[in-house]
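I opened this notebook to record what I looked up in one structure.

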Amino acid sequence: MYVFMNEVNNLISELFQTYSFKEKSKAFYKGRIESFFYDYMSLDINKTKPLNAITYYDINTYLKNLICADSERVNHYSALKRFFQFTYAKEKTNDIMTNVDKPHHERKPIEVLTDENYLKLRSFIANKDNSIYERLTLGLFLFTGLSRQYIASIRSNDFIYDNGVYKLRIWKNEEEVILPLKSELQLLINEYLLNLSKDEILKKVILKNDNALSIYITDLTKRLFKQKCTTTILSNTFISKALSSGNHIWEISKLTLESTSTIEKHIKDVESLSYKQTSILNSF
C-alpha cells in the first residue's frame, strides 16, 4: 500500500469540494486516480515516495503499461491531469503533467454510404416501378435521419398534411414533435397514402419491430449495392449530408431527435474552431 494514501484521499476530497463535482464525475475521477496509487505507487520501489517526488516519468510509465483500450487510457490521463494540476496549485507536487505524453486515441470513423451508393439508393427510391413499401421504408431512413425506434413506431395518420405540405408527427416519450420533410419524401408519402384505404389509416407504416427492421434494411440494400448497410449507416448518412451545408448542430439535433453531442461527433472540420470562436467573440 502506498504510504501516503491518506493524504491522497484527502486531496481527492478537497478537489471534489473545491470544484463541486457531480456524483457521476466523482466516480470517473476517484476510481482512476486511486488506480494510479494502488497499482503503480504501491509497488515496492514507489510506495515510500512522497507526493512531491512523483515525476512525469511515473505517470508516463503507468499510462504506457495500462492494459486497456486507448479510449480508457485517455480517461486515466484526464483524471490524473485534473488531480495533479490541483495538487500543483496547492503546492503539494511539482508541475508534473506538463511533460506527460497524452495518449493517442483515434476514434473509429462514423460509417456513411459512399457517394455512389447514396445515388443508387436515391435512384431506387425515386423509381415508381419499385415497391412503394420498400421505397418509403428506405426513404424514411435516408431522408429523415431518425433512428429505427422512431421509424418503426410511425403510423399512417402521423403523416400530417398542412398548408400544402406533409409533415411527420413523432412521439418522443410523452412529447409530440412535428417535423418538416424533404420534398422527395413528401412525394413518397403522397403516393403511399393514395393507395391506402380508410380502414388502414391507423396501422403502422412498417409492420416490423426494431430488430426485424434492421435485418430488413440490410437485406434490401444488399440487392442494390455490395456495401454493408444498416439503419445506423442510413441515419449517419443523413446527418453527414445535413452538416455539409453548415454545422447547424442544434437544428439537425431537432430534426433527428438525437442529442447535440451525437450530432457533434459527425463534424470533421475542427481545425478552424478557434478561429470561428474568436470571430464570434469579436462580432459583438
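**Confidence.** I first noted that the model is predicted. The protein chain has a mean pLDDT of 93, and 99% of its residues reach 70 or more. I found the lowest confidence in helix α13 (residues 273-281), with a mean of 82, and the highest in helix α3 (residues 56-65), at 97.

**Isoleucine 263.** I located this residue in helix α12 (residues 260-264). Isoleucine 263 is buried, because its relative accessible area is 0%. Beyond neighbours within four places in sequence, its contacts include Ile239, Leu243, Ile249 and Ile252. Between isoleucine 263 and isoleucine 239, which lie 24 residues apart along the chain, I read a C-alpha separation of 7.1 Å.

**Cysteines.** My search for disulfides returned zero. Cysteine 229 is buried at 1% relative accessibility, whereas cysteine 68 is partly exposed at 28%.

**Salt bridges.** I counted 16 in the whole structure. One of them pairs glutamate 23 with lysine 26 at 3.3 Å, N to O. These two residues are three apart in helix α2 (residues 23-40), so about one helical turn separates them. Glutamate 23 is exposed at 59%, and lysine 26 is partly exposed at 26%.

I then examined glutamate 200 and lysine 203, whose side chains form a salt bridge at 3.5 Å, N to O. Glutamate 200 is partly exposed at 26%; lysine 203 is likewise partly exposed, at 29%. Elsewhere, shared partners link Arg122, Lys182 and Glu184 into one salt-bridge network.

Terms used. Residues numbered from 1 in each chain as written. Predicted model: local features only at pLDDT ≥ 70, side-chain atom pairs only at ≥ 80, totals over all residues. Heavy atoms only, no water. pLDDT = per-residue confidence, 0-100. Helix = DSSP H or I, 4+ residues; strand = E, 2+ residues; numbered from the N terminus. Buried < 20%, exposed > 50% of the residue type's maximum accessible area, 1.4 Å probe, protein only. Contact = heavy atoms within 4.5 Å. Disulfide = S-S within 2.5 Å. Salt bridge = Lys/Arg side-chain N within 4 Å of Asp/Glu carboxyl O.
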